[in-house]
Amino acid sequence: MTVFKRGSSAKKERSDITAPASVIMSDCVEVAITSDSSDQLWSCCVWDVRTGTQLMSYKGGGAPGAHTLSVVKNQFVLTGNLVKPMLHVWPINRHEPVSTRFILPGRPTAVAVSPDGNYCLVAVQETIYVYQLVTGAILTTVSRHYQTVNILRFTDDGSHFISAGQDGMVLVWSLAQVVQVFQKQTLSALYSFSDHALPVTDLYVGAGGMKAVFCSVSVDRTCKIYDLASGTMLLNMVFPEALSSVTMDKLESNVFVGTNDGPIYKFSLLSPPRTKEYHFDRAQQQKNAFLGHKKSVTCLSVSVDGETLLSGGADENVFVWHIKSRQQIRTIPHQGAVTNATFLMTPKAMFNQEVKINPLFQPFQKMAYPSDKIDELCIDVEVLEEVRETQPAENGHNAVRTTAVGQSSGNQEEIAKLKKEIQHLKMVNKEMYEFTVKNIMRDS
């Protein structure tokens, strides 16, 4: 087991092992991205878990809160501030955040970005705000929780998202219905689970869209597994300790559960209990426990190959475990309680400083956009077009001159025609959508 010491000596050791990114990343397929509550060295950092080498750091964004770190389309890192009502965004290959300020109605308690990078969910206390990143518009707000929302998770196809909070409720939402609902209509969740008696501390959503399964853990010592397709609970695992984090491997055959006391437990879904509710005794759990954290386990993640487990804790440490032997491979100390720690497939542009990634995100609006005018949202992009003009040269021959022009007076008429055509196409598209939905609902 390799351990990095804290303090000034730790900084020296890290600087000594830092190598050029092109050398480090030559065969590194997967990296880990972490954050802590201190904001002393960086806001979040990328590590090579094989060597413990610091590969990339993102600075100037304050300390990210728990469950507020997202990587947007492998191009941007987005975090929610732990103490301020702000989001911060970095290009994946830059240390400094973008200049755009993303101001929120309050301090974010949970953040999630859709897989396509179009929508951003931000929880402020018990209210969920749905933003369109490209325009900065607040498309809608959702207030169905009675207490603070702790976690937001999207399904892998981006069609639905799940929210869970201090009230013990787990709600499943259709993103399309949430965005398209009119202000006079009542918004209701697709599923509403109230099986937890105490606050929900973490969620994990598997692959498969609405055919996936998801896990939730709570302070009430239970880990519950649900089927999204049917909206039913498949299994209820009861532990002798309060639970704080959960994850599954990519095959979804093993579940890893972190506790408030430090141990991490593993149980297999290949041979599930014959009863819907199963109680583990402490002696049996110790055989499959990962022991090392002295305080609450705040986050868990499993590598793609299913061989390595990453855990972050309130004891200011990130541990890298070999799953089969349950032994610590490496310890990466932090300066504060670890708030986020997850594996990430290495983006191609992360270590290429020559690639310029231009963010299209706009500052967030303060007022919700009228729901009946969402279809009218558009992105204004100024495009310079090349115009080739033939002019007589001094020697009598024709010369070709290329100039860049914007919206000149000669193009105004053509632009007006195009705008009229766009409005016509929007109207046709809307009529087709309404006709299709009406027939589908009638047939069903």
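**Reading strands, patches and salt bridges**

Tutor: Strand 2 is mostly covered, with seven of its seven residues buried. Keep in mind that this is a predicted model.

Student: Which residues of strand 2 point one way, and which the other way?

Tutor: Start with the general idea. In a regular strand, side chains alternate between the two faces of the sheet. Now the case here. E30, A32, T34 and D36 point one way from strand 2. V31, I33 and S35 point the other way. All of them are buried.

Student: Which strands pair with strand 2?

Tutor: Two pairings can be traced. With strand 30 (residues 338-345), strand 2 makes seven bridges in the antiparallel sense. To find your place there, take I33: its bridge partner in strand 30 is T342. With strand 3 (residues 44-48), strand 2 makes four bridges, again antiparallel. Here S35 stands opposite C44.

Student: Is strand 3 buried or exposed?

Tutor: Count its residues against the cut-off. Buried means under 20% relative accessible area. Five of the five residues of strand 3 are buried, so the strand is largely enclosed by the rest of the structure. Both faces are covered. C44, V46 and D48 lie on one side, C45 and W47 on the other.

Student: Where is V29 placed?

Tutor: In the loop between helix 2 (21-24) and strand 2 (30-36). The cut-off for exposed is over 50% relative accessible area. V29 has 56% relative accessibility, so it counts as exposed. V29 also belongs to a nonpolar surface patch with V304 and M345. Together the three have about 260 Å² of accessible area.

Student: What is the order of strands in the open sheet of five?

Tutor: The order is 17-18-19-20-24, and the pairing is mixed. The edge strands are strand 17 (200-205) and strand 24 (277-279), each pairing on one side only. From one strand to the next, the twist averages 15°. Inside this sheet, five bridges join strand 18 (residues 213-218) to strand 19 (residues 222-227), and the two run antiparallel.

Student: How many salt bridges does the whole structure have?

Tutor: The search finds four. For each pair, check the N to O distance, the place in the chain, and the accessibility. One of them joins D202 and R153, with the closest N and O atoms 3.3 Å apart. This pair links distant parts of the chain: D202 is in strand 17, R153 in strand 13 (residues 149-154), 49 residues apart.

Student: Is D202 buried or exposed?

Tutor: D202 counts as buried, because its relative accessibility is 3%. R153 is at 24%, so it counts as partly exposed.

Student: Where do K324 and E307 lie?

Tutor: Their side chains meet in a salt bridge at 3.7 Å, N to O. This pair also links distant parts of the chain, 17 residues apart. K324 sits in the loop between strand 28 (317-322) and strand 29 (327-333). E307 sits in the loop between strand 26 (297-302) and strand 27 (308-313). K324 is exposed, with a relative accessible area of 64%. E307 is partly exposed, at 27%.

Student: How many residues apart are K417 and E413?

Tutor: Four, about one turn of the helix. Both lie in helix 5 (residues 412-443). K417 is exposed, at 57% relative accessible area. E413 counts as exposed too, at 58%.

Student: Which residues does the UniProt "repeat: WD" annotation cover?

Tutor: According to that unreviewed entry, residues 142-175 and 290-331. Check such a span against the model. In 142-175, the end C-alpha atoms lie 11 Å apart. The span is 3% helix and 53% strand.

Methods. Residues are numbered from 1 along each chain as its sequence is written. This is a predicted model: local features need pLDDT of at least 70, side-chain atom pairs count only at pLDDT 80 or more; totals for chains, interfaces and linings use all residues. Side-chain values use heavy atoms; hydrogens and water are left out. UniProt positions are given in the numbering used here, feature names are shortened, and annotations may be inferred rather than shown by experiment. Two strands pair if DSSP finds at least two bridges between them. Axes are lines fitted to C-alpha atoms, for helices over the stretch in contact, and angles run from 0 to 180 degrees between N-to-C directions. Patches are made of residues with over 30% relative accessible area and no salt bridge: like charges are joined within 9 Å, nonpolar side chains (Val, Leu, Ile, Met, Phe, Trp, Tyr) within 5 Å. Accessible areas come from the Shrake-Rupley method with a 1.4 Å probe; for residues, only the protein chains shown count as cover. Buried means under 20% relative accessible area, exposed over 50%, partly exposed in between (1.4 Å probe, protein chains only).
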